[in-house]
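Here are my notes on this one, point by point. Have the model open while you read.

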Amino acid sequence: MIDLDEHVDLERGVMSRKVFVDDDIYRLELERIFSRSWLFLAHESQLPKSGSFVSTYMGEDPVIVVRRSDGSIGAVLNSCRHRGMKVCRADVGTTRAFRCSYHGWTYGLDGDLVSVPNMAEGYRNELDMSRWGLLRVPRVESYKGLIFGTWDAEAQPVEEALGDITFLLDTFLDRRPGGTEVIGGVQKWVMGGNWKLAAEQFASDMYHSFLLHASAWQALAPEGADLSEMVFPSVGSQMTSQGSGGGWFHDPTGAGSAVLGPVLAADFTDPAVWERLGEVKAGGPIGCHATVFPNFSFLGAFRVLRVWHPRGPHEMEVWSWTLVDKDQSPEIKDAWRRFASMTFGPTGTFEQDDGEIWTDLQRVSRGHIAQTVDLNYQMGIGHEVTDHPDYPGRINHVYSDNAARGFYERWLELMKTPLRPGQRGNATARAGQEVTR
Amino acid sequence: MGRRTVTRAEAEDFLYREAMLLDEWRLDEWLALFEEDGRMEVTTTDWNGWDSSSAGAFMCDDYGLLKARVKRLKSRKAHAENPHSRTHRMISNVIILEQGDETVWVAANFIIHRYRDNQEFSYVGRYEHVLLVDDDGLRFRLRRSIPTAETMAPGARLSFIL
């Protein structure tokens, strides 16, 4: 067994990059992080009517998220109970049933097995179809339009599990009474780098923003502006709670939002939105950069949501959504869509440079000697407060490793705690996992 | 009929010259091939003819964003393209689809070989452009690039102009 404490010492703020490259650690993450955390599945606007479905992943497991006949939303493992083939091979669509292309076992929208070819001749009518439905994700719940699922039947309700990070999520999801909707589909691509590199960066790393992304800020700056004269903000906060976290500057109308251009800046700082969110949230958190533990992130000022799907220790598959306020005009929604793809996504001028860093960083981390040299997660250590008058969670300066340490504290806690005996996904104690539905 | 007839040879010359400017990283000259308010799109690999406002665009720059993209690519701090990708563009099957009043619709196939960071990628696809016809030449009103691949290979970041 790997001694994780040997690689991660959060009291001293040091960590070995072994956690980004080790195969055993990766396998343990799939079991102890991804089998029991609430994971983001889809946005409700992607499932407009009964029979609407989208395919996604929970860790490396493919699942189908479906709007069922009664309007409720469920999720099932996308794997036929007969020989294991995917029963749904489309990314998105509308259907009445899922029929496996291998032998034709057919399942209803709720995952029940409804038809088996040659039942009489082959199975002599002896197959108990009620026991061979698709494996259901036992808990699927929504928070303000976002659909989450977990394999842990006894998990706390999603809103409780999200906890303090709803403070930041609300600045994104609850700007206007009509809520939000996805625009422009889902962009999916593979980048070099361990999934945690992206998750910890979105939770905690505002430090890189103006340096690594200097060329993108410069390019998007208003016509005639000299970036050397633009003052980048240095006042801000960063929070962490239950592994989730995010950072923001205290002046979201400053240099950062200047790049939005007049139309989007006017939408971003609409007085009605500010009034609805209140002074505290509108005065900073509205422009945050955050991660919901473990692998769901969002960017307030760019209207971008994303999941970092784990794909082995060395790669991540990025899924990215642009989310707009449903009540907004088509022109503004379209402008957000253009801005989002210009900045974040496969052609995104910000994200390209993150991809460059993560790919190279991952390569360096393969080195035997490199793995013996600790990385520094010490920024701001010992200067956290837990009784901030305005913000929940553990707070530190925007330039700190506060939320990165919080992320790895939660990661370490889960990695060191075996799943309950009988819990789905427990690799060392399969007893009791027989499917009873 | 338009103000004048555009021949396939003229469209080919325009596309070949564009390919040369991009391969040689002469981005300001490339940007000058667009009319003011010209746009550029790269469709996603699952694109199915959808209107670009509903789904299916990796890139959907209006002229302002396009100018910003070029400005960034010229920066030595554009890390994803420093050093630059080496590209080698092959363009063929050029067809005039339709000639309108002031525009002409041109389609072509492309293969772009790209080398960067010890990796090698081939991007295969089709262009469907709307070109403004001027007395002295052609300019992009809409430059649309439609990749044929089912997925982008891992690491095939679209930091260069496809």
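**Notes on the model**

1. Helices here are DSSP runs of H or I with at least four residues, strands are E runs of at least two, and both are numbered from the N terminus. Phi of Trp25(B) is near 60°, a positive value in a residue other than glycine. Most residues other than glycine have a negative phi, and most peptide bonds are trans.

2. Some housekeeping. This is a predicted model, with local features needing pLDDT of at least 70 and side-chain atom pairs counting only at pLDDT 80 or more, while totals for chains, interfaces and linings use all residues. Residues are numbered from 1 along each chain as its sequence is written, chains are lettered from A and ligands numbered from 1 in the order in which they are written, and side-chain values use heavy atoms, leaving out hydrogens and water.

3. Two cis peptide bonds to look at. One runs from Phe293(A) to Pro294(A), with omega near 5°; Pro294(A) is in the loop between strand E16 (289-292) and strand E17 (296-299) of chain A. Another joins Asn82(B) and Pro83(B), with omega about 5°, and Pro83(B) is in the loop between H3 and strand E3 (86-99) of chain B.

4. Now the interface. Chain B brings 32 residues to the contact and chain A brings 30 (contact: heavy atoms within 4.5 Å). Together the chains bury about 2,700 Å², 50% of it on carbon and sulfur atoms; buried area is the accessible area (1.4 Å probe) that two parts lose on being put together, summed over both. On the chain B side, Phe58(B), Arg72(B) and Arg157(B) lose the most area to chain A, together 24% of what that side buries.

5. Arg157(B) also makes a salt bridge with Glu356(A), at 2.6 Å from N to O. The count between the two chains is four salt bridges (a side-chain nitrogen of Lys or Arg within 4 Å of a carboxyl oxygen of Asp or Glu). Strand E2 (57-61) and helix H3 (63-73) of chain B each supply at least two residues of the side that touches chain A, and H3(B) gives the largest share, six residues.

6. Last, the largest pocket, at about 1,200 Å³. A pocket is an open set of points on a 1 Å grid over the protein atoms alone, where a 1.4 Å probe fits, with protein on both sides within 12 Å along at least five of seven lines; lining residues have an atom within 4 Å of a point. Grid points are joined across faces, edges and corners, and the volume is the space filled by probe spheres set on the points. Of its 46 lining residues, the closest to the centre are Asp91(A), Val92(A), Val186(A), Lys188(A) and Asp46(B). E13(A) provides the largest share of the lining, eight residues.
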